[in-house]
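Please look over the sequence and the structure shown below before reading on.

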Amino acid sequence: MFAYYLELAIRSLRRSPGLTALMVLTIAFGVAASMTTYSVFRAVSGDPIPWKSAKLFVPQIDNWGPNGRGSDGEPPNAMDYNDAITLMRDHRAKLQSAMYQISPSIVPADASKHPINVSGHAVYSEFFPMLDVPFLYGSGWSADDDTQRAAVVVISSKLNQKLFGGSNSVGKTVNIEGKDYRVVGVLNDWNPQPRFFDVVNSGGFSTGVEDVFLPFQRAITVGIPNDGNTNCNAVPTESGFVGLQHSACVWIAYMAELDDTAAATAYKQYLDGYAHDLQQSGHFGWAPNNRLRDLPHWLDNQHVVPSDTKVSLLVALGLLLACLVNTAGLLLAKFLRRSSEIGVRRALGAPRLAIYAQFLTEASIIGLAGGVLGLMLTGVGVVSVGWVLPKDIAALARVDFSLLTLTLLVAVIATTLAGLYPTFRASRVQPAWQLKSN
Amino acid sequence: MSMQIKPILAALRQHKAGTVLIALQIALTLAIVCNALFIIQQRLAHLSEPTGIDEANLLVIANQWAGHRSSQEVGAQIQADLAALRQLPSVRDASPSDGYPLSGGNWDNFVMRTPEQLKPTTDASVYMGDEHMLDTLGVKLIAGRNFNASEIMRMASRQVVIPPVVIVTKALADHLYPDGSALGKPIYSMSTTPSTIIGIVERLQRQNVSNWSKPYAYESLLWPIREDTDGLFYIVRSKPGQLADAMREVPKALYAQSRMRVFDPKIGGSFAQIRQRAYDSDRGIAILMGIISVVLLAITAAGIVGLTSFWVGQRRKQIGVRRALGATRSDILHYFLTENLLISVGGVLTGTVLAIGINLWMVTRFEMARLSMDYVGTGVILLLLLGQCAVLGPALRASHVSPVEATRSA
């Protein structure tokens, strides 16, 4: 039976090739625009660490008080040195790390080569197990290395390629800012987008690579300054990087792993207790106003998905909707034009259901054709979207199996929906009237 | 014309669904196109804001030192670098700086009129440079004087220095002292130490031009400070028309001074490149909205052609009867044009409400500006014209239906 409807549909579509082409093009454009912008949206709004994001928390401590809060009453989105170090020392979470962005230079052993600048983070040893960072060679450093401020480094596979030709460099040394560091680990391609562990300094999405990770206290001791944002509510009273450490300026990102709600509640109580103690001792002239958000809520709170991406998606969906209304109008015209044909089929005993099946088949064939053309246009769109959206974000958009399937599904389902009302009208055709008027 | 409206309405009642669908499509198109055009205009206006500097002859080098050096060593190296740069045949002037307009990064300080103020008056973008900074940027001094060499202070990495003198932009001067008396007055920049305004420049855009900085547009200040720090920018102004030569000579001259440095290729470059990079996403969104608008208008026009053609085909017999009863070709033409106009008016009325609704929602959700009524007006005219043009073809065909059709059976 379906083969028969298929044949009828194709015959009908071939009878008015102009109208058919118009409908197919309309669907194709609508679907391609939506899917291209969706592919970008999907890339930037995805969970960067889905298996663990609900267990990763970002604490915020209100160390500036009411005058430093935004209009929304939020505390600063990073920590000052004192708070970060106290939280690390108290060590109340299962795993935790304070971190700050660095941009040191590496001096190659070969004196004829130019020094290179790299970016990375100063972190604690628990950073690596907490974020399930994959290693190609070696591993992270130990808690002992943290306390002893050891001269050790974890490098990216890209930097390992550049410095050591990709070989196992564990145990070799790298000259960073004029001092030798022993390589303890080489990462296996790790470039999470967004840079969820430090969105404040990376702005979320970044074309850069994290090339080096140094022990936090080591970097502080040798005075490798922070390369990210520094926000101050007052000018530091002392100069230099040490002055920054003694100030209330915020520049350190912090993340903690808390395995269940009980642990999260306990940690929040701990934070409030800490702020309360500071209030009691007169350091804070205000009641605790802390936050503890899990990673998805934190990314949302920090507006990591750029609003341009959302606006583009919404406008493209609006285009799709307009395309569907257009298709519905054209299908209505096309179906009702065949009222006499419907009349004959009904008079010969075809039930309404058969009319439904026939016309919805026709609609979905248009949807399928539009979807296939839309797929090609989506391919073109994803490749060239870097032309219109920021490159660091557009580069993340991918065509994959699920996008292909979704494109086809959206095209067929949307067109079939658009065909519902025209089909309903076609099924109401009174056979007697049509036969009489002929 | 007027006598035709009643029969048209009666006929439209015969195919309500088609009428409603066309009107709905026009409404959606209007709503989307109005907002898209508005976004395009906002972005284009944003990216054509002037910086106030001599963009055609400027280049920026993002310099970072490699290996560890003391502040003294860095200071001496910067002096040597600047002397070498200023001697190059293609270079007019050069200055060290902590930033440049459109750099995206931002050093900004709260600024107050009095040291006791709890709430800052405004937020200013901070530029640091030496006495060559004004000439290098090519900004126009409209009151007071430039820094002199003895006023230039040195600042080690993250040292806190509040200079006794400051040059401000007119926008900042007017914000702080609206009566125009800013010259010679003090400002307090997150400190109780005053800086006296010794000069006012006409215009110097901020380093960061994103949304949050809009309330402080063009409010910048210049401090006579040379930073002896790990990273800095060299701003170089070439002699007129010699930018290409300068871009070749400058890196060579700097490497000749010392090889222990890194130029970041992703920042800096000629100012044309800087401008291009700074507004990449704005230009992109404008193009995207343009493409979507054109596609949408084309689809709507095609839809009107398609549906009207069908109606003409369906009504050939009636048209024949009207023609046989004495209606002229132009009567038939007008009938279809008027019919389309009626549907379009219904569509644009709904669309206007929809356009404003969508905009208001985006204002609350995406920090968008309020839609100007000019765009709705333009959109309405655009769509009415589009409808009339689209319907013209099928209507002309209808007007050519011969009266003989009346005698033929459908």
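**A guided reading of the model**

The crossing of H12(A) and H16(A) is right-handed, in what is a predicted model. Helix H12 of chain A covers residues 307–337 and helix H16 of chain A covers residues 401–427, and their axes come within 8 Å and cross at roughly 35 degrees. On the H12(A) side the contact is made by residues including Leu324(A), Leu331(A) and Phe335(A), while H16(A) contributes, among them, Ala414(A), Gly419(A), Tyr421(A) and Arg425(A). Sorted by class, the residues of this contact are eleven nonpolar, four polar and one charged.

Both helices also take part in the contact between the chains, to which chain A gives 50 residues and chain B gives 47. The elements of chain A that each supply at least two residues to the side touching chain B are helix H2 (17–45), strand S4 (116–117), helix H9 (240–245), H12 and H16. H12(A) gives the most, with 20 residues. By class, this side of chain A has 30 nonpolar, 15 polar and five charged residues.

Chain B, with eleven helices and 13 strands, is divided into domain 1, made of residues 2–48 together with 281–407, and domain 2, made of residues 98–237. The centres of these two domains of chain B, taken over C-alpha atoms, are separated by 53 Å. The radius of gyration of chain B is 32 Å, whereas a compact globule of 410 residues would have one near 22 Å, and along the principal axes the C-alpha atoms of the chain fill a box of roughly 105 × 50 × 35 Å. Of the 410 residues of chain B, 43% count as buried.

Most residues other than glycine have a negative phi, and most peptide bonds are trans. The peptide bond from Gln193(A) to Pro194(A), however, is cis, with omega near -5 degrees, and Pro194(A) lies in the loop between strand S9 (179–187) and helix H7 (199–202) of chain A. Glu177(A), which is not a glycine, has a positive phi near 50 degrees and sits in the loop between strand S8 (173–176) and S9 of chain A. Glu177(A) counts as buried because 21 other C-beta atoms lie within 10 Å, the cut-off being 20 or more. In chain B, Tyr218(B) has a positive phi of about 65 degrees and is placed in the loop between strand S9 (194–201) and strand S10 (220–228). Tyr218(B) is likewise buried, with 24 other C-beta atoms within 10 Å.

Terms used:
Residues are numbered from 1 along each chain as its sequence is written. Chains are lettered from A and ligands numbered from 1 in the order in which they are written. This is a predicted model: local features need pLDDT of at least 70, side-chain atom pairs count only at pLDDT 80 or more; totals for chains, interfaces and linings use all residues. Domain bounds come from an automatic or database domain assignment. Axes are lines fitted to C-alpha atoms, for helices over the stretch in contact, and angles run from 0 to 180 degrees between N-to-C directions. Helices (H or I, at least four residues) and strands (E, at least two) are DSSP runs, numbered from the N terminus. A crossing is left-handed if the near helix is turned anticlockwise from the far one by less than a right angle, and right-handed if clockwise. Two residues are in contact if their C-beta atoms, placed from the backbone, lie within 7 Å. Ala, Val, Leu, Ile, Met, Phe, Trp, Tyr, Cys and Pro count as nonpolar, Asp, Glu, Lys and Arg as charged, and the others, Gly among them, as polar. The radius of gyration is taken over C-alpha atoms; the globule rule is 2.2 Å times the number of residues to the power 0.38. A residue is buried if 20 or more other C-beta atoms lie within 10 Å of its own, exposed if 12 or fewer, and partly exposed in between; C-beta atoms are placed from the backbone.
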